[in-house]
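I opened this notebook to record what I looked up in the structure. The entries follow the order in which I consulted it.

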Amino acid sequence: MRRTLRTSRAAVVFAAIGALALTGCGGDKDGGEPGDGGPAQGSESPASVRLPKLNGEKIEVAAVWSGPEQENFTKVLDEFEKRTGATVTFVPAQDPIVNFLGTKIAGGSPPDVAMLPQVGAIEQAVARKWAKPVGPEAKAQLAKNYSKGWQDLGAVDGEQYGVYYKAANKSLIWYNNTVFENAGATEPKTWKDFLSTAETISASGVTPVSVAGADGWVLTDWFENIYLSQAGPAKYDQLAKHEIKWTDPSVKDALTTLGELFGKPNLIAGGTDGALQTEFPASVTQTFTGGDAPKAAMVFEGDFVTVNIAQTDAKIGTDAKVFPFPAVGAKPPVVTGGDAAVALKDSKGAQALLTFLASPDAAAIQAAAGGFVSPNKALDVAAYPNDVQRDIAKALIAAGDDFRFDMSDQMPQSFGGTPGKGEWKILQDFLKNPKDVAGTQQKLEAEAAKAFKS
């Protein structure tokens, strides 16, 4: 199955987010009986979307989210309950979510809606005839509130199946401002400068970089940012579709560059062994706790890092600052990700929830909680809690269709989205032995070829 990805110049996004490191301071148609269409009790503004009355209907929503992310999404589901009268239950899923859903479906108890974090997962759900097409009310919201690029990401063979509720800018480096000031370090613009800054911070007595090596998806994001900047958008698209092999010289170059960091354990919090035992949440919190002597000075990942920063005493924009991923080649990279809502039951409740999630009303609730960016262009950026996140959101919307989607999320899930297997596992092995570039390439190509054939 083919998916149309509307992607082009990442530089457009970078131009829009260039200032974020400096400024970071702290009625549509309705297929059922209409709801009241007005504000829910306690709402600050009128509802922008009308929803059907669903008194007595029970809806299950499955997602791999946990902790604060799950709690914040639950607030959105609570609002949907108030407006419709339905009862919504959040079902915690495990990665890979396609396997989790397969078990549920085989047992005759699929959730009504699933939040799918990989493009490949949507395609698999369609291929296995699990996914139900998006209804006219949700389509109307998509047409009004989303750029064509984000609509296309949720479509397979021209049919709309997914509503991209959550987006992510995955090309950001967050840093402990106190450590930078104490070391006399400045925000680097290039990869060479980034490594030099890391050495400066190391000489000041703080380990410079926190790497969440226990989570393979973080390592794929490291690789993708380097590859996009160094090899360029055309090669990125080819590798994402396996139109070139992982043994290509461009992959060798990117792995060699990544090895310039991974090959220096003294620059990584806990060294190689420590990184491989560090999960993503801890990689963030250890960067912003410990006073003048945290376990690390910088941590790489997307805008959702703010959810974990909020679990510390650090204030975003003053204690915790951010700069764009440094340029390896001619231009800095901008890689995006996202989570799409897909209906697995052809019910009024499932379609109503998709309609709500495609509206700015739903996005505004989670935006206010932080650690969330919406591709919904109708969302007022004032909903975001601080200037850093407002700038990130503005950049995403200003980019329109000019972005590159997470490469591993475009690939078959068995290769690009499964813990302990495929790209995730191979890059963890590479973190252990970054000198083995050729061997890593061979393993990646063998697993990718197997996945794309199946």
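Before any helix pair, I noted that axes are lines fitted to C-alpha atoms, for helices over the stretch in contact, and that angles run from 0 to 180 degrees between N-to-C directions. I also noted that helices (H or I, at least four residues) and strands (E, at least two) are DSSP runs, numbered from the N terminus. The model is predicted, so that local features need pLDDT of at least 70 and side-chain atom pairs count only at pLDDT 80 or more, while totals for chains, interfaces and linings use all residues. Residues are numbered from 1 along each chain as its sequence is written, and side-chain values use heavy atoms, with hydrogens and water left out.

**Entry: α10 and its partners**

I looked up α10 (residues 216-231) beside α21 (residues 422-432) and found that their axes come within 8 Å and cross at roughly 75°. The two helices are therefore roughly perpendicular to each other; angles of 65 to 115 degrees count as such, those under 35 as roughly parallel, those over 145 as roughly antiparallel and the rest as oblique. For contact I took heavy atoms within 4.5 Å. On the α10 side I listed Gly216, Trp217, Leu219, Thr220 and Phe223, which meet Glu423, Trp424, Leu427, Gln428 and Leu431 of α21. By class, this contact has six nonpolar, three polar and one charged residues. Here Ala, Val, Leu, Ile, Met, Phe, Trp, Tyr, Cys and Pro count as nonpolar, Asp, Glu, Lys and Arg as charged, and the others, Gly among them, as polar.

I then turned to α10 and α11 (233-240), whose axes come within 6 Å and cross at roughly 135°. That makes α10 oblique to α11. Phe223, Glu224, Tyr227, Leu228 and Ala231 in α10 meet Pro233, Lys235, Tyr236 and Leu239 in α11. I recorded seven nonpolar, no polar and two charged residues for the contact of α10 with α11.

Which residues of α4 are buried? In this helix (residues 97-106) I found Ile97, Val98, Phe100 and Leu101 to be buried, that is, under 20% relative accessible area, where exposed means over 50% and partly exposed lies in between (1.4 Å probe, protein chains only). They cover an arc of only 155° around the axis, which puts them on the same side of α4; the arc is that of the directions from the helix axis to the C-beta atoms. On the other side of α4, I noted Thr103 and Ala106 as exposed. The cover over the buried residues of α4 includes β1 (58-63), β2 (87-92), β3 (113-116), α5 (119-127) and α20 (413-416).

I also checked the backbone at both ends of α4. Pro96 sits in the loop between β2 and α4, and a cis peptide bond, with omega about -10°, joins Asp95 to Pro96. Just after α4, Gly108 takes a positive phi of about 80°.

**Entry: positive phi elsewhere**

I found a positive phi of about 50° at Asp157, although it is not a glycine. Asp157 lies in the loop between β4 (155-156) and β5 (159-160) and is exposed, with a relative accessible area of 53%. His242, likewise not a glycine, has a positive phi of about 60°; I located His242 in the loop between α11 and α12 (249-262).

**Entry: a sheet**

Last, I looked up an open sheet of four strands, in the order β8-β9-β7-β10 with mixed pairing. Two strands pair if DSSP finds at least two bridges between them. β8 (209-210) and β10 (320-324) stand at the edges, each with a single partner strand, so one side of each is left without a neighbour in the sheet.
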